Amino acid sequence: MSWGTELWDQFDNLEKHTQWGIDILEKYIKFVKERTEIELSYAKQLRNLAKKYQPKKNSKEEEEYRYTACKAFLSTLNEMNDYAGQHEVISENMTSNITVELARYVQELKQERKSYFHDGRKAQQHIEICWKQLESSKRRFERDCKEADRAQQYFEKMDADINVTKADVEKARQQAQVRHQMAEDSKADYSSILQKFNHEQHEYYHTHIPNIFQKIQEMEERRIVRIGESMKTYAEVDRQVIPIIGKCLDEIVKAAESIDQKNDSQLVIEAYKSGFEPPGDIEFEDYTQPMKRTVSDNSLSNSRGEGKPELKFGGKSKGKLWPFIKKNKGAAPEDFRNLPPEQRRKKLQQKVDELNKEIQKEMDQRDAITKMKDVYLKNPQMGDPASLDHKLTEVSQNIEKLRLEAQKFEAWLAEVEGRLPARSEQARRQSGMFDAQNPATVNSCAQDRESPDGSYTEEQSQEGEGKVLATDFDDEFDEEEPLPAIGTCKALYTFEGQNEGTISVVEGETLYVIEEDKGDGWTRIRRNEDEEGYVPTSYVEVYLDKNAKGAKTYI
């Protein structure tokens with residue numbers, strides 16, 4: 001099967017076919033190029049997607065990634081980056097191994113095809129010239145033969161005519177001989193050119209054209225093989241990244257399997273545990289008997305020494321079940337005393353760890369400066385040792401300052417850790433004691449409220465402010481007549497009232513309630529006639545008197 005023998009007369013069709021083959025190759029190159037652009041665009045979109053959902057540094061989102069589910073999601077985002085990288089590899093390999101190589105091959109192919117068809121056209125032109133020469137010699141031979149024949153006939157006519165002179169006859173005979181000789185020469189020339197043409201034609205159709213067409217066939221077959229190899233490379237480029245993509249997917253599955261719901265639940269406990277004990281049971285209040293106060297002013301004032309007064313209180317529980325500390329929009333206390341015990345302990349521990357890291361960092365810097373100073377002492381040409389003294393002194397001062405700060409927070413942490421278990425136990429004992437002596441006791445954590453006319457309403461819990469401005473306190477204390485006591489309270493924790501309008505209380509101390517919590521997280525209490533102020537509601541256990549509307553003023 002050879003184009004030279006089978007397609008010897010299809011020069012134009014072969015020219016069109018080979019051009020079509022090059023067009024197909026260029027079309028495939030364009031296809032692969034667009035595929036590489038898609039891969040790059042896809043990889044870029046994947047990276048942007050992963051970046052979009054990455055936790056922002058120093059934000060609340062970063063804290064959320066302590067949970068195993070969020071860690072698994074973060075691992076998924078990281079793996080997506082690697083996944084995107086493999087698509088970039090696909091694009092790069094397809095560009096270098098297919099697009100660039102085929103583009104160079106197409107240029108070579110065009111030059112080779114141009115050369116072969118140039119040779120073919122040259123051979124065609126040659127055979128056409130030979131054919132024209134043959135036709136020219138043939139027509140000349142034919143013309144000379146006709147002229148010789150006419151000259152012969154004219155000679156014979158003249159020779160037969162008796163009226164023609166002998167000279168005319170001789171002239172006609174010579175003319176006939178000349179014509180005859182010219183015909184013989186034309187015949188010989190035509191015969192020679194015909195033989196030459198036949199030889200050239202044989203060479204053209206059996207040697208030149210077959211050779212050229214064979215080369216064109218081989219060129220076309222190489223093009224077909226090359227495009228097939230490129231298609232294999234196309235598949236291999238994808239196949240090479242499949243194991244790595246598989247590893248990325250395996251890592252995502254591994255991250256998903258590492259999710260521990262129990263661990264996440266424990267983290268929620270650690271994040272929000274307050275350290276308080278749950279409230280005690282609310283006693284049944286019997287309204288079939290008249291409610292009367294049985295505790296006098298004197299008994300209330302002597303309650304710390306003579307036992308607990310028997311008070312009657314409201315009974316509806318407010319929406320919230322525990323005296324959470326109100327959030328403070330202003331500056332939080334340095335020792336985090338505005339937080340529940342457990343949260344305060346965590347914050348203090350976190351602060352101590354941060355300070356220790358800063359101390360270690362400063363110590364490393366001090367060691368580096370000391371070593372540099374030693375190098376300067378041994379090699380004065382490298383620098384002046386005295387130039388480092390100021391920096392060394394500054395670092396040492398920073399270390400001392402940070403150590404003092406760490407000691408301060410460690411002392412607060414030791415205080416919280418030392419009293420937290422005992423505090424919980426004491427709170428349980430107090431709750432039981434008050435429940436036993438006062439059947440109508442209402443725990444402050446339930447945040448019960450009573451309207452002045454004795455009706456009971458359930459207030460909606462609101463997020464109050466932990467900070468009370470001094471001007472608000474001043475307005476409250478400007479009253480000339482002291483407010484009546486509406487119940488008593490027991491201090492659960494020691495509170496140092498450092499701000500104006502607040503009052504200090506000691507753990508276990510019993511005081512009078514003169515104004516209940518109005519939703520801002522503060523309760524107004526009185527120790528004696530001259531000492532009254534506000535304390536955080538969560539620091540005390542309140543016992544309200546149901547007949548507070550007609551209560552007398554405590555003096």
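Isoleucine 525 has glycine 533, a residue of strand β4, as its bridge partner.

Strand β3 (residues 522–526) and β4 run antiparallel, and five bridges join them. To get from β3 to β4, the chain passes through a hairpin of five residues.

Now step back to the sheet. It is an open sheet of five strands, in the order β4-β3-β2-β1-β5, with antiparallel pairing. The strands at the edges are β4 and β5 (540–544); each has a single partner strand, so one side of each is left without a neighbour in the sheet. From one strand to the next, the twist averages 40 degrees. As background, strands of a sheet pair through backbone hydrogen bonds, and they can do so in a parallel or an antiparallel way.

Next, let us turn to a pair of helices. The axes of helix α2 and helix α4 (residues 68–160) come within 8 Å, crossing at roughly 165 degrees. Angles over 145 degrees count as roughly antiparallel, and α2 and α4 are therefore roughly antiparallel to each other. The crossing in which α2 passes α4 is left-handed.

How confident is the predictor? Across the chain, pLDDT averages 78, and 78% of the residues score at least 70.

| Element | Residues | Mean pLDDT |
|---|---|---|
| Helix α2, the highest | residues 11–52 | 94 |
| Helix α8, the lowest | residues 303–306 | 40 |

So which stretches call for care? Over residues 291–329, pLDDT stays under 50, and the model has 128 contacts beyond four places in sequence for them. Over residues 421–480, pLDDT also stays under 50, with 139 contacts beyond four places in sequence in the model. Where pLDDT is low, the predicted coordinates should not be read in detail.

Note on methods
Residues numbered from 1 in each chain as written. Predicted model: local features only at pLDDT ≥ 70, side-chain atom pairs only at ≥ 80, totals over all residues. Heavy atoms only, no water. Pairing = 2+ DSSP bridges. Helix = DSSP H or I, 4+ residues; strand = E, 2+ residues; numbered from the N terminus. pLDDT = per-residue confidence, 0-100. Contact = heavy atoms within 4.5 Å. Axes fitted to C-alpha atoms, helices over the stretch in contact; angles between N-to-C directions. Parallel < 35°, antiparallel > 145°, perpendicular 65-115°, else oblique. Left-handed = near helix turned anticlockwise from the far one by under 90°.
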